[in-house]
Amino acid sequence: MTWWARARRRRSARCARGADHAGPPPTGFALLPWLLMGLGSFSNLLQGKAENPWIGGLGLFVFNSLYVYVTFRAFHREKRQSLSTRLALLTMGLVTTGLAVGYGGNWLLFFPLLGLATGATLRGRHLGRIGLLLAAYAAVLAGLREGWREAPNIGYATFLSCMVTAAILSLSEAVRELRAAREELARRAVEKERLRFSRDLHDLLGHTLSVIVVKSEAARRLAGRDLDAALAQIGDIESVGRQALTEIREAVTGYREGSLSTELTRARSALAAASVEPVVRQSGAPLAPQTEALLGWVVREAVTNVVRHSHATRCEITVESAEERVRLTVTDNGTGTPVTTTGGTGLTGLTERLSAAAGSLTAGPAPAGGFTVTAELPATPSTADAVPVALES
């Protein structure tokens, strides 16, 4: 890497850090230096050039106090929209009018300060009209008090301070809101990815370990009387373990999609190893990949629950594909005990996942005994993503 490339990388990193760490939000302290515009009137008081200095001093104190009060509240949305802030701003206008009419000269510069406080407080679609009216008002008073040559300067300064202040503060607030929204979206994306990974891992390990346990028990039972059958079960355990490693690697990268035919084949093997008679029926047109992926997860987890919880001797899996809807039914003849779900997995999580794909899931004891899980999905999927949701196993 050349020196120029390294320098560009360092500069990009500094810019990125600056974008992520913009510092604290602005406060009323950012507008305090503009009070220096009132030093001319304060100098008139000290030099005795102003009539009734006590009245002028009191007016200067009241104006500065109201300015500080209004500008500090202008940086909080609720406070700047409150009645007390609006009344304080109106009082500032009255004090400014009195000082401008009574003293003129440097005291007219309080109108641009009033415009600044107005722009910081009254943001919105009506600010342009308010700024024009305030500028015209200041220009008329300046013309009547000091002559019409000064009127355009005071009016323009008042309008400019009002609009520029409002534009800068609104833009700063919008940038911070956008940055907060971006951070919130990033946080939600991380949470979604964590949920996807936890569900994938739960599904993969729960099903795989259940199959391994069932086949290990079958191999132990067969080892004494049929060594070849026991070795076949051990071979299946090895195959299941290798497949689980592949699936976990795919789940980590987020590219794993289930296959209904593959899950049906695994279901037959797992049920047979658990001494449960598998009956699989499939009819209708081929399914879309997204629909197959969702139904594959239903088969995987429903069969896992049959093997682990149902004490059944027979399990029927039926897939019926029509023009508009696809129905999957998994029924066993076991005890009919529902599976308890916790932590966002299980039947509740799978119901939410199918609902997001315009489908539905129902589960409960069958009328003739046992337990039934029924999933329905549109034959043509909409915008269902492939994030799996597990049954509790």
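Me: Is Trp107 buried or exposed?
Reply: This is a predicted model. In it, Trp107 has 1% relative accessibility, so Trp107 counts as buried. The cut-off for buried is under 20%.

Me: And what does Phe110 count as?
Reply: Phe110 counts as buried because its relative accessibility is 2%.

Me: How many aromatic pairs are there?
Reply: The structure holds six aromatic pairs. In one of them, Phe63 and Tyr67, the ring centres are 6.5 Å apart and the planes are at 20 degrees, so this pair is stacked.

Me: Where do those two sit in the helix?
Reply: Phe63 and Tyr67 are in helix α3 (residues 53–73), four residues apart, so about one helical turn separates them. Phe63 and Tyr67 are both buried.

Me: What about the rings of Trp107 and Phe110?
Reply: Their centres are 5.9 Å apart and their planes are at 50 degrees, so that pair is tilted.

Me: Which residues form the aromatic cluster?
Reply: One cluster is formed by Phe63, Tyr67, Tyr103, Trp107 and Phe110.

Me: New topic: how do α5 and α7 cross?
Reply: The axes of helix α5 (residues 83–103) and helix α7 (residues 127–146) come within 9 Å and cross at roughly 20 degrees. The two helices are therefore roughly parallel to each other, and their crossing is right-handed.

Me: Which residues make the contact?
Reply: From α5, Thr97, Ala100, Val101, Gly102 and Tyr103 take part, and from α7, Tyr137, Leu141, Arg145 and Glu146. Of the residues in this contact, five are nonpolar, two polar and two charged.

Terms used: Residues numbered from 1 in each chain as written. Predicted model: local features only at pLDDT ≥ 70, side-chain atom pairs only at ≥ 80, totals over all residues. Heavy atoms only, no water. Phe/Tyr/Trp six-rings, centres within 6.5 Å; stacked < 30°, edge-to-face > 60°. Buried < 20%, exposed > 50% of the residue type's maximum accessible area, 1.4 Å probe, protein only. Axes fitted to C-alpha atoms, helices over the stretch in contact; angles between N-to-C directions. Parallel < 35°, antiparallel > 145°, perpendicular 65-115°, else oblique. Left-handed = near helix turned anticlockwise from the far one by under 90°. Contact = heavy atoms within 4.5 Å. Nonpolar A, V, L, I, M, F, W, Y, C, P; charged D, E, K, R; others polar.
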